[in-house]
Amino acid sequence: MTVTVKQVGADETQLIDAIVALGDQNTKTLGMLAPPVYLQAAERRTLLAAFEEDELVGYALYALPKRKHHHVQLTHLCVNESRRKRGIARRLVEEISARHRDRFGIRAKCRRDYELSRMWSSLGFVPRGEAPGRGSKGLPLDGWWRDHEHPDLFDVADSGALLTVAMDHGVFAELRALTQAQGTNESQSIEAPWLTDLIELTVTPNLFHEVNEIKEQRERRHQRSALQTFRHLRSCCLFGRDRCVSAGRG
């Protein structure tokens, strides 16, 4: 069936009530929102509903932070359990991106123990950080980012290096893991002082996904922090330069 998405108006009280009911059915992974929050989102034009024919099958509730942040904050992304894995969540996310392409991207948070990393990745999000939750147990939340690919200062700045090197996780871990494995001299040699002006080491979205899969929390957080010390490429050779190469083990 064809999925259609529409913006929910503040005067559509029956539809808002149906959305609240759908959200209440999925509090296990969404958390609870009071009904006035849905109405406020509708008033701010940040509540979207997805339909198959005339049936409500999902919704997205989000916020538009003040301009100094300039991103979209996704609060709820919900699909009726009987309609999942049919592209409805993707349709909602793509609609948000289309409506707010002027913003840098979409941020979302999700409890790590929900094990929804594959879903977020399939929707074009990259894991970008981790923080304790607000609940009494402080269960960790993964931060997810869907980039709208606006040019930034790093896109136009030239490091002067002869080669831009995108590391795979094997090389990155040998350089930045908490416990250095034996036999890492080959990888570590690419950070030799005499190579500083010749090689720029960078990280790609795939590396963020690989670090996110590390089970041991202390190591995962350490490597996530280390990722921030390198320039992030949206993909290898993003800038059309013929001097971007991949560094990997194997």
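**Strands and a pocket**

Visitor: Which residue in S4 stands opposite Gly-58?
Guide: In this predicted model, Gly-58 faces Val-79 of S4.

Visitor: What makes S3 and S4 a pair of strands?
Guide: Pairing takes at least two bridges found by DSSP. S3 and S4 are joined by six bridges and run antiparallel, so they count as paired.

Visitor: How do you know that S2 pairs with S3?
Guide: The cut-off is again at least two bridges. Strand S2 (residues 47–52) has six with S3, in the antiparallel sense, so the two strands pair. Among the residues of the pairing, Leu-48 has Ala-60 in S3 as its bridge partner. Two residues lie between the strands of this hairpin, and Glu-53 has a positive phi near 55 degrees.

Visitor: Why is S3 called mostly covered?
Guide: Buried means under 20% relative accessible area. Seven of the nine residues of S3 (residues 55–63) are buried, so the strand is described as mostly covered.

Visitor: What makes a residue part of the lining of the largest pocket, and how many residues line it?
Guide: A lining residue has an atom within 4 Å of a point of the pocket. For the largest pocket there are 42 lining residues; Thr-29, Leu-30, Thr-75, Lys-109 and Cys-110 lie nearest its centre. The space in this pocket is about 1,400 Å³. S4 gives the largest share of the lining, seven residues.

Visitor: How is the lining of the largest pocket split by class?
Guide: The lining has 21 nonpolar, 12 polar and nine charged residues. Gly counts as polar here, and Cys as nonpolar.

Terms used
Residues are numbered from 1 along each chain as its sequence is written. This is a predicted model: local features need pLDDT of at least 70, side-chain atom pairs count only at pLDDT 80 or more; totals for chains, interfaces and linings use all residues. Side-chain values use heavy atoms; hydrogens and water are left out. On a 1 Å grid over the protein atoms alone, a cavity is a set of points where a 1.4 Å probe fits but cannot get out, and a pocket is an open set with protein on both sides within 12 Å along at least five of seven lines; lining residues have an atom within 4 Å of a point. Grid points are joined across faces, edges and corners, and a volume is the space filled by probe spheres set on the points. Helices (H or I, at least four residues) and strands (E, at least two) are DSSP runs, numbered from the N terminus. Buried means under 20% relative accessible area, exposed over 50%, partly exposed in between (1.4 Å probe, protein chains only).
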